[in-house]
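I opened this model to look up a few local features. My notes follow the display.

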Amino acid sequence: MSQATTLIPNLTLRCDSHAVAPARIERSAAGAVRLGRHADNDMVFADEQVSRRHAEIFSRGGDWVLLNLSGTNPVLVDGVAQSGEFVLSRSQVLLLGNTSVLVEVGAGSADSNRRQGEEMAGLVEYLAFLETVSSAEAMVEGTLALLHRHSHATWTGFVGNDAEDLRLRAQFPETTAGGSFLSRELNRRALSEMAPVWQASVGSGGDVSESLGRVGDSLGIPLVERKGGVSRAIGVIHLYRRQGRFVERETHFAQVVARMAALWLASDRERSALGAEVRRLAARAGAHGRIVGESPGVVEMRRRITRVAPSPMSVLIRGESGTGKELVAEAIHKASPRAGAPLVAVNCASIDPARAESDLFGHERGAFTGADSRHAGFFQQAHEGTLFLDELGELPMECQAKLLRALETGIIRPMKGKERVVDVRLIAATNRDLLAEVAAGRFREDLYYRIASVVIEAPPLRDRGGDIALLARLFLEGFSAQGHRATRLGQGAIEALQAYAWPGNIRQLRSVVEAAFHLAEAEEIGPEHLHLPKVPASAAAEADCNLENTEKRAMARALEKTAGNLTKAAELLGIHRETLGIKARKHGLLPP
C-alpha cells in the first residue's frame with residue numbers, strides 16, 4: 001500500500017516596512033523560513049529590537065509551525081506573546097520587535113483548486129450580471145454583494161470620489177452598521193494613490209489606524225475611469241473584516257471585480273451623457289412644435305420661452321383659461337437641461353385643501369388616518385426635473401409658506417418624515433391677477449416675487465387674429481385623420497370663427513371644430529355647423545370696455561395686418577410710431 005501524501009499548505013509572508021528584505025516570501029513545499037537581523041536569514045530585519053536569529057517557520061505534517069528562537073525577545077502573534085512553538089492558522093500578524101509581518105497560510109492543492117473554481121464561477125456570474133443590469137445603483141449593490149460573498153468580508157460599502165466625504169452611497173449587508181468601520185485614511189490613500197490599499201496592522205511599528213481599531217483588516221479599492229491618458233476616480237469600494245485578515249487571493253479577486261465595475265460605470269456614464277444630449281437636441285428642435293401661430297403675441301411668447309428655458313429660474317405664466325399655459329410649461333421644460341427628467345403637472349384647483357401638504361411634500365406611513373403607506377409628494381416625483389403648478393392662486397395659504405421655503409432652500413419635509421433635499425425647477429401658471437390677490441390677503445407677497453422673476457404672457461385667442469384659422473385647420477386635420485374622412489373649412493366658417501370673441505380661448509375653439517366635424521355631412525364645414533354660444537354680457541362687456549384689453553387688441557390686429565411693420569401699424573392706429581413701440585412692448589406684443 002502506498003503511503004498517503006501529506007498536502008503542504010501555501011505559506012506567504014508580507015511586510016510593508018522598508019527595513020525588511022525581501023518584502024515578500026512564498027513557500028509551497030516543505031522547508032523552513034528563518035527570520036532575524038543576521039544576513040543569512042531568509043527575511044532580514046534592520047530593526048534593532050529583533051534578535052539576530054529571532055524565529056523560524058517550518059512545515060510539520062500539514063501545518064506551518066512558528067518557533068521562537070530568541071531567549072530574550074518574544075514573538076507576538078495577533079498581539080499575544082509566544083515563547084515556544086505555535087501552529088499558524090489561515091491569516092495572522094507577527095510582531096518581531098517593532099516590525100509587523102503578515103503571514104498567510106493557504107489551503108492544500110485540492111482545496112486551492114476548489115477555491116479557484118469558485119472564484120472563476122464568481123467572475124462568470126458577475127459578467128452575466130453586468131450584461132443584464134440596467135442601472136448604476138443596482139450594479140453597485142450587486143457588486144458589493146458579490147465581494148461580500150467571495151472575500152468573506154464582514155461588510156462592504158461604496159463611497160464617492162471625495163477624499164474627505166465619507167457618506168455611503170451603498171452598502172452590503174444593509175442591516176450592518178458598516179458606517180462605523182469607515183476609515184478616512186483608507187479612503188484618502190485609495191483616492192490619492194489611485195491604487196488598491198490594503199490597510200491592516202502591518203505598518204511600521206505595528207500601529208493600527210484609530211478608525212480601524214474595531215476591525216481586523218480593511219481593503220480600499222478605487223474604481224478608476226481611464227480615458228485619453230487621464231485617470232479619474234469614480235468612487236472607492238471599502239471591504240472590512242471584523243476579525244482575521246484578508247488573504248492574497250481574496251484581495252486579488254476583489255481588484256479584478258473592481259476593474260470590471262469601473263469599466264461598466266464609465267461606459268454607463270458615456271451612454272447616459274450621449275442619451276441626454278440626444279434627448280436635449282430632439283426636445284430643443286421640437287420644443288415649440290405644439291405652440292402654433294404667427295401673431296405678434298405668440299412670436300414674442302416663443303422668443304421668451306427660448307431665452308428663459310436654459311436658466312434655472314422660476315417662471316410665471318399668465319393667461320386666461322384655455323390659452324395653452326401647460327403647453328408653454330412643456331416647451332420650457334423640453335428646451336431646458338432638465339428635458340430628460342420628469343415634468344410633473346399639477347392643477348392646484350383640484351388639490352383637496354386638507355391634503356395639500358401631503359400631495360406636495362409627501363407623507364410617511366401613519367402620518368394621518370388612512371395613510372397606510374409611504375407617499376412621495378409632487379416635489380419628490382419631480383426631483384431633478386420640473387414641477388408645473390397650474391392655477392397657483394388656488395393653493396391654500398397654509399401651504400404657500402411651505403412652498404416658499406422649499407423653493408428657497410431646496411429642502412422639503414414629508415409629513416411625519418425627515419427632511420429631504422430636492423432639485424426642482426418651478427413653473428407656475430394662473431388666470432388670476434396675483435397682485436390683486438396679494439392686496440386682498442389671499443396670496444403671499446414674498447411667494448409672488450419669488451415665482452414671478454420671469455413672466456410669460458399667454459395671449460387670448462381673440463388677440464391672435466389670423467392664428468384662429470390656422471389653429472382651426474390644424475384641429476380639423478387631426479379629426480379627419482382619426483375619423484378617416486376628409487373635411488375642410490369653408491370661407492364662411494372661417495369668417496365666423498374669426499369674428500367670434502372666444503371666451504374659452506383655444507380649448508373652446510378645439511371643441512367647436514370637433515363638434516362641427518361630426519355634425520357636417522358634406523366635405524365642407526359651413527357657418528351652420530358651428531356652435532358658437534353667445535358670449536355672456538359680463539364677459540363681452542369686460543372684453544369690449546376694458547381700456548387696456550381694447551388697446552392691446554387693437555395694436556395686435558394692426559401689427560398683424562401690417563406684418564409687424566411699426567410705421568404702417570401706427571398709421572392705421574393714428575398714433576406716433578414711437579408711441580406704438582412703447583405700448584406694444586409693454587403689452588408683450590414686441591420684444592423688449
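I am working with a predicted model, where local features need pLDDT of at least 70, side-chain atom pairs count only at pLDDT 80 or more, and totals for chains, interfaces and linings use all residues. Numbering runs from 1 along each chain as its sequence is written, and side-chain values use heavy atoms, with hydrogens and water left out.

**Cores.** I started with the largest nonpolar core, which has 33 residues. By nonpolar core I mean a set of buried Ala, Val, Leu, Ile, Met, Phe, Trp, Tyr and Cys residues joined through side-chain atoms within 4.5 Å. Buried means under 20% relative accessible area, exposed over 50%, and partly exposed in between (1.4 Å probe, protein chains only). Phe379, Leu387, Leu389, Leu392 and Ile451 touch the most other members. Several elements supply at least two residues each, among them strand E19 (343-347), helix H7 (356-361), strand E20 (386-390) and helix H9 (397-409). H9 gives the most, with five residues. Helices (H or I, at least four residues) and strands (E, at least two) are DSSP runs, numbered from the N terminus.

I then listed the contacts of leucine 387, setting aside neighbours within four places in sequence. They include Val344, Val346, Phe378, Phe379 and Leu426. Contact means heavy atoms within 4.5 Å. Another core, of 32 residues, lies apart from the largest one. Leu147, Trp198, Ile234 and Ala262 are among its residues. In soluble globular proteins, nonpolar side chains tend to be buried together.

**Serine 151.** I found serine 151 in the loop between helix H2 (136-150) and strand E13 (155-159). Is serine 151 buried or exposed? Serine 151 counts as buried because its relative accessibility is 2%. Its side chain reaches the backbone oxygen of leucine 147 at 2.4 Å. Beyond four places in sequence, serine 151 is in contact with Leu239, Phe246 and Glu250.

**Positive phi.** Glutamate 391 has a positive phi of about 50 degrees. Glutamate 391 sits in the loop between E20 and H9, and is buried at a relative accessible area of 12%. Asparagine 505 has a positive phi of about 60 degrees. Asparagine 505 lies in helix H14 (residues 505-519), buried at 0%.

**Alanine 349.** Alanine 349 is in the loop between E19 and H7. At 49% relative accessibility, it counts as partly exposed. Alanine 349 touches Glu391 and Glu394, not counting residues up to four places away in sequence.

**Cis bonds.** A cis peptide bond joins alanine 21 and proline 22, with omega about -10 degrees. Proline 22 lies in the loop between strand E2 (20-21) and strand E3 (24-27). The bond from phenylalanine 172 to proline 173 is also cis, with omega near -5 degrees. Proline 173 is in the loop between strand E14 (168-172) and helix H3 (184-193).

**Cavity.** How many cavities of 30 Å³ or more does the structure hold? I count one. A cavity is a set of points, on a 1 Å grid over the protein atoms alone, where a 1.4 Å probe fits but cannot get out; lining residues have an atom within 4 Å of a point. Its lining includes Ser295, Pro459, Asp463 and Leu589.

How values were computed. Polar contact = N/O pair within 3.5 Å; in protein donor to acceptor, adjacent residues only side chain to side chain. 1 Å grid on protein atoms, 1.4 Å probe; cavity = no way out; pocket = protein on both sides within 12 Å on 5 of 7 lines; lining within 4 Å. Points joined across faces, edges and corners; volume = space filled by probe spheres on them.
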